[in-house]
Amino acid sequence: MLLMVPFGLMVWDGFQQNLTADPIEELLHRTGIWTLRILILTLMMTPLKIIIGSTVFIRVRRMMGLFTFFYASLHMIIYVWLDLGLDWPHFIEDVIERPYITVGMLAWALMLPMAITSNRWMIRKLGKRWKMLHRSIYLVLVLGCLHFLWLVKSDLTEPLIYSGIGLTWLLFRVVHYYHGKRAQIQHPSQSSTP
């Protein structure tokens, strides 16, 4: 319910005509920023489980990932439909010629198979491959941060803050993973989950 609040506020502001002088630009910004925020929150769930030792974070992680895809899809729909008016040649030209759009579209394309396979049936069917597929979320984070950094033309403070937070959690996972691998090598009888 909490993750639907930003969407609800956008709909409310739309009906109230409270989306600034350029509503399409405002909606693009809001959906983009909420995609990145929820993505970072999703990636925080595993470190929080490791630090605090509670599985409650893991139980909500998959749903948060789906909400990340929901806001990313809204972002793309607003861009392609409302901003470009479904002008597909213009869209293809933008993807080829504008690096921030290229990485944004690549990030969305990587999220699509993760969203499709985020159900118990696909988890069972794919087995270990499911985990490998869903690890591409870290690449999505990097691409999302690049998209934001390259989009902003003047003040880089906000995208750098989000990039710093996201990459901190990514570094935490890398360090924890390799620490677990070293422990496995030193104590092969004890299993460690990265």
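Helix α2 holds both R30 and E26, which sit four residues apart, about one turn of the helix; helices here are DSSP runs of H or I with at least four residues, strands are E runs of at least two, and both are numbered from the N terminus. The structure is a predicted model, in which local features need pLDDT of at least 70 and side-chain atom pairs count only at pLDDT 80 or more, while totals for chains, interfaces and linings use all residues. Residues are numbered from 1 along each chain as its sequence is written, and side-chain values use heavy atoms, with hydrogens and water left out.

R30 and E26 are joined by a salt bridge, with 2.9 Å between the closest N and O atoms; the term stands for a side-chain nitrogen of Lys or Arg within 4 Å of a carboxyl oxygen of Asp or Glu. A salt bridge also links R30 to D13, and here the closest N and O atoms are 2.8 Å apart. Because R30 belongs to helix α2 (residues 23–52) and D13 to helix α1 (residues 5–15), this pair ties together parts that are 17 residues apart in sequence. R30 is buried, at a relative accessible area of 17%, and D13 is buried as well, at 11%; buried means under 20% relative accessible area, exposed means over 50%, and partly exposed lies in between, using a 1.4 Å probe and protein chains only.

The structure holds three salt bridges. Besides the two made by R30, D94 and R98 meet through their side chains at 3.6 Å, N to O. D94 is buried, with a relative accessible area of 5%, whereas R98 is partly exposed at 37%. Salt bridges with shared partners connect D13, E26 and R30 into one network.

Turning to the overall fold, the protein chain contains nine helices and zero strands. Read from the N terminus, its elements follow the order α-α-α-α-α-α-α-α-α. The C-alpha trace spans about 65 × 40 × 35 Å along its principal axes. The chain has 194 residues, of which 37% count as buried. For contacts between residues at least 6 apart in sequence, 59% join residues at least 24 apart, a contact being heavy atoms within 4.5 Å.

The interior can be described next. In soluble globular proteins, nonpolar side chains tend to be buried together. The largest nonpolar core of this model has 46 residues, and the members that touch the most others are L36, L39, I40, Y79, I137, V140 and L141. Such a core is a set of buried Ala, Val, Leu, Ile, Met, Phe, Trp, Tyr and Cys residues joined through side-chain atoms within 4.5 Å. At least two residues of the core come from each of α2, α3 (56–83), α5 (99–116), α8 (137–151) and α9 (157–186). L39, leaving aside neighbours within four places in sequence, contacts T68, I137, V140 and L141.

Helices α1 and α3 pack with their axes 11 Å apart and at an angle of about 30°. The axes are lines fitted to C-alpha atoms, for helices over the stretch in contact, and the angles run from 0 to 180 degrees between N-to-C directions. The angle therefore makes α1 roughly parallel to α3, given that angles under 35 degrees count as roughly parallel, over 145 as roughly antiparallel, 65 to 115 as roughly perpendicular and the rest as oblique. P6, F7 and M10 of α1 meet F70, Y71 and L74 of α3 in this contact. By class, the contact has six nonpolar, no polar and no charged residues; Ala, Val, Leu, Ile, Met, Phe, Trp, Tyr, Cys and Pro count as nonpolar, Asp, Glu, Lys and Arg as charged, and the others, Gly among them, as polar.

Some individual positions complete the picture. K49 lies in helix α2 and is partly exposed, with a relative accessible area of 35%. Residues up to four places away in sequence aside, K49 touches S54, T55, F57 and I58. From K49 to W130 the C-alpha to C-alpha separation is 20 Å, and the two are 81 residues apart in sequence.

In the loop between α1 and α2, Q17 has a positive phi near 55° although this residue is not a glycine; Q17 is exposed, at 76% relative accessibility. L86, also a residue other than glycine, has a positive phi of about 55°. L86 is placed in the loop between α3 and α4 (88–97) and counts as partly exposed, at 43% relative accessibility.
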